[in-house]
Amino acid sequence: MGRKKLKIQRLEDLKARQAKYSKRKIGILKKAKELNILCEVDVALLFSSPSGRPTLFVGKNSKGLSSILKRLSNLSFEEREERRAYTIEMLKKIYENSESEFDPLSLSYDTNADTLKLYKDELQELKHILVEKSKILRDWRNPNNVEDINQIKMMEDHLIASLDGLRSRKVHYFFSIRIIC
């Protein structure tokens with residue numbers, strides 16, 4: 001007795017949807033773990049359940065979600081768009097012969113020059129903001145250089161983030177010593 005092909009469509013019953021999500025989530029997490037172990041690839045999966053609860057999986061061999069996101073952010077805009085286009089083409093091939101209601105054309109690859117210009121303008125704006133914030137942080141040691149309350153707030157946020165980082169390193173160090181002893 002074999003399995004019958006399931007028609008992929010949205011389940012209307014909330015309980016059935018949650019049950020199906022739970023079973024399929026376990027299956028895809030198992031596959032991600034196997035891929036991580038067998039091929040030594042960094043894997044990060046982020047789910048949001050029908051009830052809105054997030055689930056994050058990061059493979060054991062990876063150095064954490066931050067290292068994966070750093071590598072992704074270090075890619076140029078063109079490289080990211082190439083990877084996105086490749087992924088969309090693969091999805092189209094997978095669903096081409098499927099009886100699913102999924103429309104791969106809804107994921108069309110946008111090569112519009114206006115979109116590229118928009119991204120470049122946004123990048124320039126973000127670079128400008130980064131330069132301003134870096135200048136403020138460089139001058140934080142000298143209270144005479146403070147020009148407004150926003151500058152003080154940013155300095156406070158920076159100090160809080162630094163303290164949080166120190167606390168997490170302290171806890172990590174403490175637990176690593178306890179494990180060794």
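Leaving aside its neighbours within four places in sequence, which residues is Val41 in contact with? I will start there and then go through the rest of the model, which is a predicted one.

The answer is Leu35 and Asn36. Val41 itself sits in the loop between α1 and β1. Its relative accessibility is 30%, so Val41 counts as partly exposed; the cut-offs that matter here are under 20% for buried and over 50% for exposed. One further distance for this residue: the C-alpha atoms of Val41 and Lys60 are separated by 9.8 Å, and the two are 19 residues apart along the chain.

Now the helix. α1 has 26 residues. From its first C-alpha to its last, α1 reaches 36 Å, which is close to the 38 Å expected at 1.5 Å a residue. Tyr21, Ala32 and Asn36 are buried in α1. Asn36 is also one of the contacts of Val41 that I opened with. What do the buried residues of α1 pack against? They pack against β1 and β2, the latter being residues 54-58.

Next, the strands. β1 and β2 run antiparallel, and five bridges join them. Together they form a hairpin, with five residues between the two strands. In the turn, Gly52 has a positive phi of about 95°. As for who faces whom, Ala44 stands opposite Val58 in β2.

β2 has two faces to look at. Thr55 and Phe57 make up the covered face, while Pro54, Leu56 and Val58 make up the uncovered one. As a general point, side chains in a regular strand alternate between the two faces of the sheet.

Last item, aromatic rings. How many aromatic pairs does a search of the whole structure find? It finds one. The pair is Tyr21 with Phe47, and its geometry is edge-to-face, at 6.4 Å centre to centre with 80° between the planes. Tyr21 lies in helix α1, residues 14-39, and Phe47 lies in strand β1, residues 44-48, so the pair ties together parts that are 26 residues apart in sequence. Are these two residues buried or exposed? Both Tyr21 and Phe47 are buried.

To recap: the buried residues of α1 pack against β1 and β2, those two strands form a hairpin, and the pair of Tyr21 and Phe47 ties α1 to β1.

How values were computed. Residues numbered from 1 in each chain as written. Predicted model: local features only at pLDDT ≥ 70, side-chain atom pairs only at ≥ 80, totals over all residues. Heavy atoms only, no water. Phe/Tyr/Trp six-rings, centres within 6.5 Å; stacked < 30°, edge-to-face > 60°. Helix = DSSP H or I, 4+ residues; strand = E, 2+ residues; numbered from the N terminus. Buried < 20%, exposed > 50% of the residue type's maximum accessible area, 1.4 Å probe, protein only. Expected span 1.5 Å × (residues − 1). Contact = heavy atoms within 4.5 Å. Pairing = 2+ DSSP bridges.
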